[in-house]
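Open the model in your viewer and get ready to select residues by number.

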Amino acid sequence: MNPNPSSGMETPVRHIVIVGGGSAGWLTAGLLAATHRGGPDDEADALRITLLESPDVPTIGVGEGTWPSMRDTLRRIGVRETELVRECDAVFKQGSKFARWVQDEDADAYHHPFSLPQDFLDADLVSGWMAREGRVAYAALASVQPHLCDAGRAPKQFSTPEFAGVANYAYHLDAAKLGAFLRRHCVDTLGVRHVADHMVEVVCREDGDIAAVRTRENGDIAGDLFIDCTGLRALLIGQHFGVGMVDCREVLFNDRALAVQVPYADAATPIACHTLSTAQRHGWTWDIGLSARRGVGYVYSSAHASDAEAEAVLRAHIERSGGPRATDVPSPLALKFDPGYRRVFWQRNCVAVGLSSGFIEPLEASSLVLVELAAGMIADTLPASRAAMDIVARQFNDAFLYRWARVIDFLKLHYVLSRRSDSDYWRDHARPESVPARLAELLALWRHRSPSRHDLFRADEVFPSASYHYILYGMGFRSAQRVAPPTAPGRERAEAVFRQTAELVPRMLAALPGHREMIDHIRTRGLPRI
């Protein structure tokens, strides 16, 4: 260890220390190890990865939903999908279904599926849908997937290989079991060093870089790059470096969550193919089906409802949805958070991943995908030396400041489009001053035309224009002024897409097994490997 800043800048990055485990820590360790694992001839120069994990800090097992990107991440790490299903209680997620978000009525529901609409980039589907006066839901006209979800069909057949699908899909899973599953793979297969110990101090170099983290039983663990996966405590990026937060409370009000696990009525209960999000007076409830249980929770604003009121809402929702009686629901796990994200994520030789980088409500399950994106970018752009690290850090910070802002825009869109006014919570969400300026500009633009790739121009947008279409037109968004009617070829192409979708629906429903049937098959027989 050389404390001289001038010579230290040329130090190669050979050892990465990840502080904190869970899904964030072990996903990061796995991507780094799989990307930079050396062969037998270059073992001396191979990147070393150590993960320090406190044995007493429990995993917050709330984030049980992923995005389809998780399939590529797990394939890149080298795990088997069959084992994921067996060891993490994983099932398939094909999107989200939103209930009571527009008008708080029984019939008020729409889908945000993972599959793109048919012929999305070429056909003017929105004009075609508007020409039909919205008599059929936009997603149901443009995509087969809402029909698969409502019918409880799996997104693949028994013969479909691991990580491949007939329809696009992600996972619902047990987040605590995912962390343990990834830990075994990273340690046993990828050579990650695991240290179960408590960090008690940060040891600094003279130039302000972190030199080591001091532990209670294992002394100092020195490294060249430190990754903070310590969750909401943010021991390195927050407590040590003092990097502050961008407060999002004036845009997204929710700052509390209650979570509970409830059993199915019987073992044959169908498994939902989507996350169900149901709007409530002061927030929204999530409902995630796994193979043996449901994970149910309530995200709400403490400025609009008390904790006792929120718990009563959660218990009533569980009873109404076929779960135990409200009085029989166990005490939920209570979480408090300050909605926001770090002003910078990579400070000197420390980078925050996961909850240490920020947290906002899990409306579109963006938490784990931001972990994937962060870990993937670190692995793909890993600086060769300390001298290059500041350049990579600036690129990383630029990318994730943009991504966090876009996630907030997209989540706020759900509230802006709502026509609910049954509480101060919903009325406050409609206030123009609570809407981010960029989102307000886009909504003004979209009064004249539908969202396009030119509005969301980055190749790696977190939410592409197709996702905006599903939310806008699922919630009944219309143009305030007359939009020029589509050309005859454009109208014909849209109608052709709608006909093709309608023809595909019965064929796919007949060809795909039920969701629970598929999961049972994987547990007993496994999936073919590519």
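Start with one term: a residue is buried under 20% relative accessible area, exposed over 50%, and partly exposed in between. Keep in mind that this is a predicted model.

**Stop 1: K97 and D150**

Select K97. Is it buried, exposed or partly exposed? Its relative accessibility is 22%, so K97 counts as partly exposed. K97 forms a salt bridge with D150, and the closest N and O atoms are 3.5 Å apart. K97 sits in strand β4 (residues 95-99) and D150 in helix α7, so this pair ties together parts that are 53 residues apart in sequence. D150 has a relative accessible area of 49%, so it too is partly exposed.

**Stop 2: E81 and K156**

Next, select E81 and K156. They form a salt bridge, with the closest N and O atoms 2.9 Å apart. E81 belongs to helix α4 (residues 81-88), while K156 is in the loop between α7 (145-151) and β6 (170-172), so the pair ties together parts 75 residues apart in sequence. Are these two buried or exposed? Both E81 and K156 are buried.

**Stop 3: D422 and R281**

Move on to D422 and R281. Here the salt bridge has its closest N and O atoms 3.9 Å apart. Look at the loops: D422 lies between α12 (386-416) and α13 (424-429), and R281 between β14 (275-280) and β15 (283-289), so the pair ties together parts that are 141 residues apart in sequence. D422 is partly exposed, at 28% relative accessible area. R281 is partly exposed as well, at 44%.

Together with R281 and D422, they are linked in a network of salt bridges. Across the whole structure, a search finds 38 salt bridges.

**Stop 4: α4 against α8**

Go back to α4 and show helix α8 (residues 175-188) with it. How do the two helices pack? Their axes are 9 Å apart, at an angle of about 135 degrees. That makes α4 oblique to α8. The crossing of α4 past α8 is right-handed.

Now show the side chains. From α4, pick E83, L84, E87 and C88; they meet K177, L178, F181 and R184 in α8. What kinds of residue make up this contact? Four are nonpolar, four are charged and none is polar.

Key
Residues numbered from 1 in each chain as written. Predicted model: local features only at pLDDT ≥ 70, side-chain atom pairs only at ≥ 80, totals over all residues. Heavy atoms only, no water. Salt bridge = Lys/Arg side-chain N within 4 Å of Asp/Glu carboxyl O. Helix = DSSP H or I, 4+ residues; strand = E, 2+ residues; numbered from the N terminus. Buried < 20%, exposed > 50% of the residue type's maximum accessible area, 1.4 Å probe, protein only. Axes fitted to C-alpha atoms, helices over the stretch in contact; angles between N-to-C directions. Parallel < 35°, antiparallel > 145°, perpendicular 65-115°, else oblique. Left-handed = near helix turned anticlockwise from the far one by under 90°. Contact = heavy atoms within 4.5 Å. Nonpolar A, V, L, I, M, F, W, Y, C, P; charged D, E, K, R; others polar.
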